[in-house]
Amino acid sequence: MVHTSSTESPVYQNFIAGQWRHSNSGETFASTNPAHTQEVIGHYQLSDITDLEAAVEAAVKAQHAWAATPAPTRGEILLRTALLLEQRHEELATLMTREMGKILRETRGDVQTAIDVAKFVAGEGRRAEGETVPSGLPDKLCLTIRQPIGIVGIITPWNFPLAIPAWKTFPALLAGNAVILKPASDTPLLTLKLAEILQEAGLPDGVFNVITGPGGTLGDALASHKKINMISLTGSNEVGRRVAELCGRDLRRCALELGGKNAVIIMDDADLDLAANNITLGAFGTTGQRCTATSRVIIHRAAYNALVDRLVAAAERLRIGDGLDAQTEVGPLVNRGRVKAVDAYTQIGKQEGARLLTGGAMLTQDAYQEGAYYQPTIFGDVSQGMRIAQEEIFGPFLSLIPVDSYEEAIAVANSTEYGLSTGIFTEDARLAFRAMRDIESGLVYINAGTTGSEIHLPFGGMKSSGNGHRELGPDSVNEFCELKSVFISYPPRKH
């Protein structure tokens with residue numbers, strides 16, 4: 001997997017056909033620790049189309065035998081994977097913090113999610129159910145069966161570098177598909193570790209392949225490759241539209257989990273202490289770098305000032321620093337480019353006339369000078385038409401929008417192109433049930449923030465937050481299957 005010397009950072013290889021291989025280009029790229037950007041975590045293969053073709057060839061060669069393997073046996077390999085992940089839990093969490101910056105409590109949760117998904121999906125190996133359906137004709141039986149799609153290309157982001165690869169890969173494998181995975185270039189290491197663990201768990205060679213390299217080259221090639229039957233992507237809306245376009249040319253399936261501009265609605269009867277705690281976690285946990293992060297708070301004017309005071313105080317108490325420090329509550333952004341992108345939205349918010357309540361600056365002094373740090377930032381008196389209320393920022397950035405009624409709150413919540421996750425805080429059960437109906441989001445939380453989904457429920461969004469597919473939950477395996485209807489006739493013989 002890796003070549004090292006006493007003076008150089010590790011050089012990691014691609015994983016193709018059960019072997020660790022250098023790329024065709026012979027070139028590598030570096031990944032650094034965002035808390036200490038001078039620290040190189042590793043060098044990774046700068047793969048090209050030749051490497052992709054090798055991975056496709058390996059997947060095609062392995063897939064038929066894997067599909068013929070009984071589903072319970074496939075599930076047992078995933079169960080062994082879960083147990084191996086448990087054994088390496090702390091090692092993987094520490095590597096993840098060094099690789100992408102979020103605090104250890106969160107990276108431990110990331111690893112635990114992968115473990116939980118492996119166990120959940122492993123059990124689906126004995127629940128690969130179809131239906132038997134009465135026929136409208138005599139002496140006839142109808143039934144449905146599910147079969148693998150074939151070769152699945154998976155493209156994953158950097159913010160959950162083990163959990164998201166796991167919740168795409170494990171259902172795809174359980175369904176009998178072979179997988180080619182391209183991780184984000186900021187965080188390739190955990191996916192390579194996953195390949196190592198799957199191999200140790202007994203996954204046959206070629207069933208799971210990992211190639212690292214630039215998204216523009218490899219992503220387009222994956223999405224347009226005629227031997228890849230499906231693409232599963234978590235990423236930005238821009239990339240999602242590109243992948244959908246490329247897949248659409250050949251009518252191949254793509255499952256897209258895209259962005260969010262998630263809102264929390266605060267009614268005038270809300271428990272403000274509970275709301276402030278949940279919003280602070282949702283907005284600034286993972287340094288705001290998750291698709292379900294709380295980005296907007298839509299507040300009834302009767303509660304506005306009291307909640308603002310709580311949120312500003314909570315943001316200013318947060319301890320910012322290296323995620324390996326047990327005292328840290330907010331780590332760095334994934335790289336300095338993200339710091340500049342978030343700061344650009346601070347300038348936009350000021351220009352639009354919103355009121356900066358706290359934060360709004362890069363952290364570059366003393367312990368922060370080597371890292372990619374930004375202050376938790378809150379803007380007040382935001383109106384729904386402002387860019388900071390409409391565009392995904394993907395950082396520790398919160399916009400507060402005052403409203404006068406439930407109806408206005410719902411209209412504002414639904415006013416963006418996104419529809420991933422929305423929460424509402426109210427003690428009125430009638431409003432809570434109306435919100436379940438009225439909110440245009442795939443995930444709805446009552447008296448909770450916009451984060452905290454559970455693996456046994458479907459995950460995904462409406463509108464531009466996706467294209468209708470759902471991950472996790474009891475149907476997660478079916479997303480990677482073809483559904484076939486079978487008609488069996490048994491008329492009596494004529495003598």
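This is a predicted model: local features need pLDDT of at least 70, side-chain atom pairs count only at pLDDT 80 or more; totals for chains, interfaces and linings use all residues.

Reader: OK, how many of the 12 residues of helix 6 are buried?

Author: Nine of them are under that cut-off, so helix 6 is largely enclosed by the rest of the structure.

Reader: Which ones are they?

Author: The buried set is Leu 189, Leu 190, Thr 191, Leu 192, Lys 193, Leu 194, Ala 195, Ile 197 and Leu 198.

Reader: And what length does helix 6 reach from its first C-alpha to its last?

Author: Helix 6 covers residues 189-200 and reaches 17 Å, close to the 16 Å expected. After helix 6 comes Gly 202, with a positive phi near 110°.

Reader: Switching topic: at what angle do helix 7 and helix 8 pack?

Author: About 35°, with the axes 8 Å apart. The crossing of these two helices is right-handed.

Reader: Which residues make the contact?

Author: Helix 7 brings Asp 220, Ala 223 and Ser 224, while helix 8 brings Arg 242, Val 243, Leu 246 and Cys 247. By class, that contact has four nonpolar, one polar and two charged residues.

Reader: How many bridges join strand 7 and strand 8?

Author: Three, in the antiparallel sense. As for Pro 134, its bridge partner in strand 8 is Leu 141.

Conventions. Residues are numbered from 1 along each chain as its sequence is written. Side-chain values use heavy atoms; hydrogens and water are left out. Axes are lines fitted to C-alpha atoms, for helices over the stretch in contact, and angles run from 0 to 180 degrees between N-to-C directions. Helices (H or I, at least four residues) and strands (E, at least two) are DSSP runs, numbered from the N terminus. A crossing is left-handed if the near helix is turned anticlockwise from the far one by less than a right angle, and right-handed if clockwise. Contact means heavy atoms within 4.5 Å. Ala, Val, Leu, Ile, Met, Phe, Trp, Tyr, Cys and Pro count as nonpolar, Asp, Glu, Lys and Arg as charged, and the others, Gly among them, as polar. The expected span of a helix is 1.5 Å times one less than its number of residues. Buried means under 20% relative accessible area, exposed over 50%, partly exposed in between (1.4 Å probe, protein chains only). Two strands pair if DSSP finds at least two bridges between them.
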